Amino acid sequence: MKRVCARWPALARHAGLALGLVAGLAIVGPLVCPAPDTIRDPSSTALLAPGSQRFFLLLADGSTVAAETMAPVATGWEIRRQGEVQVVSDTDVQGVESRRFWLGTDALGRDVLARLVWGARVSLALGLLALVISTLLGTLVGLAAGWAGGALDTILMRLADAVLAVPMLVLVLLLTALLRPSLGVLAVVIGSSSWMGVARLMRAQVQTLKQRDFVLGLRAIGASRTRILLRHVLPNAMTPLGQDAALRLGDLILIESSLSFLGFGVPPPTASWGSMLADGQATLGSGWWLVVFPGCLLAGTVLATALLAEGLQEKLRHFR
Amino acid sequence: MRSVALRRMAASLVVLWAVATGTYALVSLAPGDAASRITDPRLPAAARERWRRDFGLDRPLRARYLSWLAATVRGDMGISWQHRRPVRALLAEALPPTALLTGLGLLTETLGGLAIATWQAMRPRSRVDRALTITSLLAYAMPSFAVGMGLVWVFSYALGWLPASHMLSPTAAASGWARLGDGALHLVLPVATIGLTGMGALARYTRGSLLEEQSQGYVLAARARGCSRRRAVLTHALPNAALPLVTVLGLSLPVLVSGSLLVEVVFAWPGMGQLLLQAALARDIPLLMGGTLVGAAAVVLGNLLADVSVSLLDPRVRP
């Protein structure tokens, strides 16, 4: 039994740490980072390279002016905006603020870092929500099919085959065309098109567990079928679910980002990694940072889930 | 042998029927019917009623379903709302480019994955092996559209070697070798994208099964007889490890099709991906239903081929 506490493989530990960091980014980040869609000056719609700084002058009439450089002169501020130098008199200026865009801005002048952080929330939340939905659905179907057997088993498994036969993207496109996409609908759509693996896994587990002696023993001492199923078979059958879930979370995050990339994700002003990549495609020649940062974050997250799944598998192997 | 093939075929037909029925049920049970989807909301109620009657929408669901199924079996999938042309003709136009792209992508993926895995299995736990393991995991984790954009950035924008999108240049010759060459150049980046993203998972799987085979008695016996590691892997372990790969490839088909649809969108490839994306944007239900059926048929057919070829190749599963 001492192997139960076997150490996690180093890679899996790092992966877990990385996932924790991304989750922290998604939870804490938006509290610290200003919302990316508050463009204070619509005229500052420029693609800014990572690390560039921008000045904002708050004018007396409440409007904002964005400037590339600014210097104090006798009568006020000399600013350069869009290549032109102009002087704003001191009496007009209410406040001055500078902001550095560490990861640059997109073509609408929005901070890429802020969008990444806020997008992390959308991508992770959708991935997790879809994971919960697909796991619940798959467990339910798998339990029913494995426990009941017979006609119900055949029908449910054929249904799983049928859903599995439709390429997921096509299915999701059809569903989003039928329903108006929102965060909840999207999670249901993605979740309900990816439950088949769980169902097969649970069915196989239940089928083997059903034959085991402890089930027979429970039957002999008079336990009801429902009780055996819910209290004894289900907990045992759930062992491989953790690893499967870790692996699937990565897939679901990828699906969400593919959908957002195609423009079927959460509606526009809300950032998601996939929609950021889609924005980046339009300006691929001039702004590499719009593709590289969300792409790396997305790939890193999915990689971390895959490594975590591998670690879980290793640990479960020791457990057995 | 023949009875197995027939049984599998019957099962495939059942799956296809289930897909068709499920799709129809989804579309007809979703809120709002065809009348409210296509007609202008300002249309007077009486005119809409007449429209519904003209198109048979007032008939009971079962009658509508049966006539739809009969038409679908005959290959008539209705008229696209967006293009005002038969869905069948639209799909028939879009299918060949997609089949070309997906087929070549599958080929690249398989050959590349096998080569990497064999390379790794010949020197297990070496530095190269470890580096390639991480690389294939990374390839699995990268979204295909991001890989595609990366390749475009490097090879089209930075180096200017390869075209970034479409199937042919607008200035391509009308026919002959020049046209073929132009087409081939346009194929390189999308095929590489599909191949690279698929390779990772395949290489990981094959490496695992190659290493497993290598600890089997027959490989150890071959090694003990003085067979080199290279030879043992290539001629003894590989054929046995490659066999389950056929099934794995068959099962990975839905992912492959979805992936190539995405890649098509990145590269403005005139295939099913673009067609279905436009259909989804325009809420063109008949076209989407047709696309779902064709996609499912491709997957089912691929699985069937994989099953039959496994039973042809492997004497153990032959009844």
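Is Cys227(B) buried or exposed? In this predicted model, local features need pLDDT of at least 70 and side-chain atom pairs count only at pLDDT 80 or more, while totals for chains, interfaces and linings use all residues; side-chain values use heavy atoms, with hydrogens and water left out. Residues are numbered from 1 along each chain as its sequence is written, and chains are lettered from A and ligands numbered from 1 in the order in which they are written.

Cys227(B) counts as buried because its relative accessibility is 12%, where buried means under 20% relative accessible area, exposed over 50%, and partly exposed in between (1.4 Å probe, protein chains only). Cys296(A), by contrast, has a relative accessibility of 52%, so Cys296(A) counts as exposed.

Let us turn to the interface. Here 41 residues of chain A are in contact with 45 residues of chain B, contact meaning heavy atoms within 4.5 Å. The two chains, A and B, bury about 3800 Å² between them, 79% of it on carbon and sulfur atoms; buried area is the accessible area (1.4 Å probe) that two parts lose on being put together, summed over both. Of the area that chain A buries against chain B, 16% is supplied by Leu174(A), Leu178(A) and Leu284(A), more than by any other three residues.

Between chain A and chain B the count is 1 salt bridge, that is, a side-chain nitrogen of Lys or Arg within 4 Å of a carboxyl oxygen of Asp or Glu. Glu310(A) forms a salt bridge with Arg204(B), and their closest N and O atoms are 2.4 Å apart. On the side of chain A that touches chain B, the largest share, 9 residues, comes from H4(A); helices (H or I, at least four residues) are DSSP runs, numbered from the N terminus.

Thr102(B) lies in helix H5 (residues 87-122) of chain B and is buried, because its relative accessibility is 13%. Leaving aside residues up to four places away in sequence, Thr102(B) touches Leu256(B) and Ser260(B). Gln216(B) sits in the loop between helix H8 (177-214) and helix H9 (217-224) of chain B, and at 37% relative accessibility Gln216(B) counts as partly exposed. From Leu66(B), Gln216(B) is 150 residues apart in sequence and 55 Å apart in space, C-alpha to C-alpha.

Methods:
Helix = DSSP H or I, 4+ residues; strand = E, 2+ residues; numbered from the N terminus.
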